[in-house]
Amino acid sequence: MNAGIVGVGRYVPEKVVTNLDLEKVMDTSDEWIRTRTGIEERHIAADDEDTSDMAFNAAKNALKNAGITAEQLGLILVATVTPDQPFPSVSCMIQEQLGAVNAAAMDISAACSGYIYGLVTAKQFIENNAYDYILVVGVEKLSKITDWEDRNTAVLFGDGAAAAIVGKVSEGRGILTYELGADGTGGKYLYQNEKNYITMNGREVFKFAVRQMGQSAINVIEKAGYTKNDVDYLIPHQANIRIMESARQRLDLPSEKMAAVIKKYGNTSAASIGNALVEELENGKIHDDDLIVLVGFGGGLTWGAVAIKWGR
Ligand code: COA
């Protein structure tokens, strides 16, 4: 029995901050942000809305979409680098809020690759029959670790949450193959500094991302016994449209076969891939038995990809 995604949900905060809003408070321009990153606006959480609140809302939506109850969850995995506090974990907080009384719970720290790390971890527990259903949430309140005086980073990020229920799916469907990776020597390129702010060497992260995203996507496609021509849809981490385009070109895919929702959300780190998946499902872009590839990279440095035959 293969493990696959049997339900999805998401949540983005109400408040929208546009590039024009940022122009008013820092030395930047809508033109620079759009042409260098593809971002036009992002959602920013309210002061009294923390990571666990967004995770809870996305999780509720995913449970509903999967048609299961919180009691049926055996495990909750929350990928985040912006938990409400180091402990209790966000996963334990939402375990209580959801009433998921039968679920174990832990957080995963893999930055923007966290959603992929979560899906791959869930796959192991489903396929060895440990649990029937696992909730995976990618969630970030990056606005609370953003230095709003650093234009190099402040324009890039947004807040939000995306959730998936992983369970057993029918033969031939589900998460076919995966790749996870890490390179701690690149930790210095993207990290949280002593003031708790995001610090980034944009050029180094850019080079790494261009190299790794295309390669990881190819690796999972080939491991699954397919070629790049078989791919129906690519869902890359929404960090920068130019990085996403390079992955798409590596796979020789037309632009209508890649999720590009970055302009509305910015980079929401662990929530980014899951949020793009939900949006494209809602747009009717993904169909049963499509071969889809989810691929991401992030701080750590980390990366990850999965090839999925969509459907339950
Ligand atoms: N507004 C206006 N100018 C800005 C700016 C902003 N928000 N941010 C940086 N600049 C300036 C820089 O200071 C630099 O000026 P200088 O040449 O006078 O020093 C200039 O723009 C060009 O900077 P450069 O680094 O060459 O731009 P770039 O084309 O590489 O784009 C990033 C910068 C950050 C968009 C790009 O490097 C990137 O996306 N990197 C990957 C980041 C990422 O994905 N992070 C998340 C990982 S999960």
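A salt bridge here is a side-chain nitrogen of Lys or Arg within 4 Å of a carboxyl oxygen of Asp or Glu. In this predicted model, R10, K264, E279 and E282 are linked in a network of such salt bridges. By this rule the count comes to 15 salt bridges.

| Salt bridge | Closest N and O atoms |
|---|---|
| D27 and R151 | 3.5 Å |
| D50 and K144 | 2.8 Å |
| K228 and D252 | 3.1 Å |

D27 and R151 form a salt bridge. D27 sits in the loop between helix 1 (19–25) and helix 2 (30–37), while R151 belongs to helix 6 (residues 151–154), so this pair ties together parts that are 124 residues apart in sequence. D27 is exposed at 59% relative accessibility, and R151 is partly exposed at 46%.

Next comes the salt bridge between D50 and K144. D50 is found in the loop between strand 3 (41–43) and helix 3 (51–66), and K144 in the loop between strand 6 (133–140) and helix 6, so the two tie together parts 94 residues apart in sequence. D50 is partly exposed, with a relative accessible area of 22%; K144 is also partly exposed, at 33%.

The last pair in the table is K228 with D252. It links distant parts of the chain, 24 residues apart: K228 is in the loop between helix 7 (202–223) and strand 11 (233–236), and D252 in the loop between helix 8 (241–250) and helix 9 (262–265). K228 counts as partly exposed at 30% relative accessibility, whereas D252 is exposed at 54%.

Notes. Residues numbered from 1 in each chain as written. Predicted model: local features only at pLDDT ≥ 70, side-chain atom pairs only at ≥ 80, totals over all residues. Heavy atoms only, no water. Helix = DSSP H or I, 4+ residues; strand = E, 2+ residues; numbered from the N terminus. Buried < 20%, exposed > 50% of the residue type's maximum accessible area, 1.4 Å probe, protein only.
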